[in-house]
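The points are grouped by topic.

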Amino acid sequence: MSLPSPPARRGQPRVVLIGRLALYGPGAARLHEEIILVTAAWTEAGRGMKPLRPFGPTREAATLVQLEEAFRAARVPAPQIVDRIRQYAAQDATDLEPELRARAEEAKAEAAKDLDKIAEAEATSLKRLLEDQRARIAKADAEPDDRQMSFLPEIVEEVEQRRRDRRHWKAKLDRLTSDIETGPKRVRESYGVVADRLETIGLVYLWPEGN
């Protein structure tokens, strides 16, 4: 958990709670990860009785702009500022955690929709690929043998190879038919979210110059 960031140039002190959301699929495969931010005005007034209130979209956007500007002109905050904020850091995180969790749920729902789209696209692509392979093999298998040529000694080996190919093609067609049924399903299942994790990874404070 970090304490004060580089000073901001204007306005009142502000705080940014940073969380990380991770979504996992079968076998603990990581499917998605994103950073979630919650911003609020910071004040000592009424602490213990009145929790910090998260900003709405407009003030949050302005806060994030200030955060980027502050990092471009980084300076070490005065020790008294660090001490002043440190005593409230745990409570600040607690105040903003409900909003962080609410935003994480929204982000999880959106990410799951995106994963479903990816899964459907990949499953459809795989099915088309397998069907094309099956069609090519079925076409080759359907071509008749040249019975007259089969009596020529010099091509006996070629004819035998053709028979071996047909046996191989039949087994391959059976596998492809099975894969067409199960492969796309496995792809869809691999993108299913089975677990998620939200962790708080830091607090950043924007402290205006002169405070």
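For sorting residues by class, Ala, Val, Leu, Ile, Met, Phe, Trp, Tyr, Cys and Pro count as nonpolar, Asp, Glu, Lys and Arg as charged, and the others, Gly among them, as polar. The model described here is predicted. Its protein chain holds four helices and three strands, and 34% of its 211 residues count as buried.

**Second largest pocket**
- With the classes above, the lining of the second largest pocket comprises six nonpolar, four charged and two polar residues.
- The volume of this second largest pocket is about 160 Å³.
- Its lining is made up of Gln12, Ala41, Thr43, Ala45, Arg47, Lys50, Pro51, Leu52, Arg53, Pro54, Phe55 and Arg59.

**Chain architecture**
- Read from the N terminus, the order of elements in the protein chain is β-β-α-α-α-α-β.
- Counting contacts between residues at least 6 apart in sequence, 79% join residues at least 24 apart.

**Helix α1**
- Helix α1 covers residues 57-72, and at 1.5 Å a residue its 16 residues should span 22 Å; the C-alpha atoms at its ends are 23 Å apart, which agrees.
- The buried residues of α1 are Glu60, Thr63, Gln66, Leu67 and Ala70.
- These residues lie on the same side of α1, because they cover an arc of only 120 degrees around the axis.
- An α-helix has 3.6 residues a turn, so residues three or four places apart point the same way.
- The exposed residues Pro57, Thr58, Glu68 and Arg72 sit on the face of α1 turned away from its buried side.
- Packing partners of the buried α1 residues are the strands β1 (14-24), β2 (30-41) and β3 (195-206), together with helix α3 (89-142).

**Helix α2**
- Ile81, Val82 and Ile85 are buried in helix α2, which runs over residues 79-86.
- Viewed down the axis of α2, the buried residues fall within an arc of 100 degrees, so they line one face of the helix.
- Pro79, Gln80 and Asp83 are exposed on the other side of α2.
- The buried residues of α2 pack against α3 and β3.

**Shared partners**
- Helix α3 and strand β3 are among the elements packed against the buried residues of α1, and the buried residues of α2 pack against α3 and β3 as well.

Note on methods
Residues are numbered from 1 along each chain as its sequence is written. This is a predicted model: local features need pLDDT of at least 70, side-chain atom pairs count only at pLDDT 80 or more; totals for chains, interfaces and linings use all residues. Side-chain values use heavy atoms; hydrogens and water are left out. Helices (H or I, at least four residues) and strands (E, at least two) are DSSP runs, numbered from the N terminus. The expected span of a helix is 1.5 Å times one less than its number of residues. Buried means under 20% relative accessible area, exposed over 50%, partly exposed in between (1.4 Å probe, protein chains only). The arc is that of the directions from the helix axis to the C-beta atoms. Contact means heavy atoms within 4.5 Å. On a 1 Å grid over the protein atoms alone, a cavity is a set of points where a 1.4 Å probe fits but cannot get out, and a pocket is an open set with protein on both sides within 12 Å along at least five of seven lines; lining residues have an atom within 4 Å of a point. Grid points are joined across faces, edges and corners, and a volume is the space filled by probe spheres set on the points.
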